[in-house]
Amino acid sequence: MGITQRLKSSLPLFRRLTPLKSNTQTSPFPPHRSFTSSAPTKKDNVKGRLLTGATIGLIIAGGAYVSTVDEATFCGWLFSATKLVNPFFALLDPEVAHTLAVSAAARGWVPREKRPDPSILGLEVWGRKFSNPVGLAAGFDKNAEAVEGLLGLGFGFVEVGSVTPIPQEGNPKPRIFRLREELAIINRCGFNSEGIQAVAKRLGAQHGKRKLDETSNTSTAEGKPGGKAGPGILGVNLGKNKISEDAANDYVQGVHTLSQYADYLVINVSSPNTPGLRQLQGRKQLKDLVKKVQAARDEMQWGDEGPPPLLVKIAPDLSKQDLEDIAAVALALQVDGLIISNTTISRPDSVSQNPLSQEVGGLSGKPVFNLSTSVLREMYILTRGRIPLIGCGGVGR
């Protein structure tokens, strides 16, 4: 489920004034304020100075007041202010709104959370320290354009992707539909991606900047939450190309190119919008795929921190037997974690009356919460609590 910050700028309306060409031309001003080249009077100078002084005084007073406000209150103001522009974004096409939100985050035009997370929210998994357990799922920042800005919003981790080996446009537009009253979205994007090379270039630049900052900032304390992208943890979600006949090779390419920049990797076999992808969740298919991807990761050279954990993202539309098979594979191959779940092709009763519910694609948002949580609970039982699980789907206020 993606989260977008919505921005809007408001410009004052200016009137263009054209100097008079002759004394006989009609003036747009009353007679006593005619537009002439005569010098301002002493009275005008006094008024101008008073106005300038008052403006400067207000600016200074406002700045002084803000400086006395604690950081927590000021951050709260900034995040609350974003709610004012939500109606504007609601008028836009969903994909246009999504693109603008990613662009705004990439340019730093979104609030930045300065308040530290309470220590009780921190946790350590796979040797990585998370400042809090709430993250942004893959599907929002597909091409790693806005990692720094999104982590700055306060997420404990951000997952980019899904990233495919070669660029692809995805399915035809329109492909995103809002179900407003149900607080849901249906999408059939189909792994639209700029490809692993474009994503690697961006992540490489971010990684280099992070290393430079660490080198120049000698006060950085060890053991502080964060990862390869900065203050938060970065996950990279890998997908396959629509026309690919060798799914395993697609995921292996992703591992070879992007794993050096990731705090964890995800094999996405759960999107409903790529033909044949969910078939890879079968017991034999999943086992063969995971073994090949693990081998590709493990054959690379790694430092003291070791290779990035490898997770599998599964669908919510699975039978009890499917879940048992996935759990068995995950335990046998010591998969580092499971993400549960992706969007659903089912249509719960809460959305069935909406005409847009008939659109083909995966449903996300509030209506998928119960289904996703049910699968999460079942998988915890099947894996006997031995595998870290990330719950995904229907997260809301």
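Colleague: Which is the crossing of α9 and α10, left-handed or right-handed?

Modeller: The crossing of α9 and α10 is right-handed, meaning that the near helix is turned clockwise from the far one by less than a right angle. This is a predicted model, in which local features need pLDDT of at least 70 and side-chain atom pairs count only at pLDDT 80 or more, while totals for chains, interfaces and linings use all residues. Residues are numbered from 1 along each chain as its sequence is written, and side-chain values use heavy atoms, with hydrogens and water left out.

Colleague: And how do the axes of α9 and α10 cross?

Modeller: The two axes, which are lines fitted to C-alpha atoms over the stretch in contact, with angles running from 0 to 180 degrees between N-to-C directions, come within 9 Å and cross at roughly 50°. The helices α9 and α10 are therefore oblique to each other, given that under 35 degrees counts as roughly parallel, over 145 as roughly antiparallel, 65 to 115 as roughly perpendicular and the rest as oblique.

Colleague: Which residues of α9 and α10 meet there?

Modeller: From α9 come K320, L323, E324, I326, A327 and L331, which meet V375, E378, M379 and L382 of α10, where contact means heavy atoms within 4.5 Å. These residues divide into 7 nonpolar, no polar and 3 charged, with Ala, Val, Leu, Ile, Met, Phe, Trp, Tyr, Cys and Pro counted as nonpolar, Asp, Glu, Lys and Arg as charged, and the others, Gly among them, as polar.

Colleague: Switching to the core, how many residues does the largest nonpolar one have?

Modeller: It has 63 residues, and M379 and L203 are among those with the most contacts inside it; such a core is a set of buried Ala, Val, Leu, Ile, Met, Phe, Trp, Tyr and Cys residues joined through side-chain atoms within 4.5 Å. A second, separate core of 11 residues includes I233, V266, I339 and I390.

Colleague: What about the peptide bond from K173 to P174, cis or trans?

Modeller: That bond is cis, with omega near -5°, and a cis peptide bond also joins G161 and S162, where omega is about 5°.

How values were computed: Buried < 20%, exposed > 50% of the residue type's maximum accessible area, 1.4 Å probe, protein only. Helix = DSSP H or I, 4+ residues; strand = E, 2+ residues; numbered from the N terminus.
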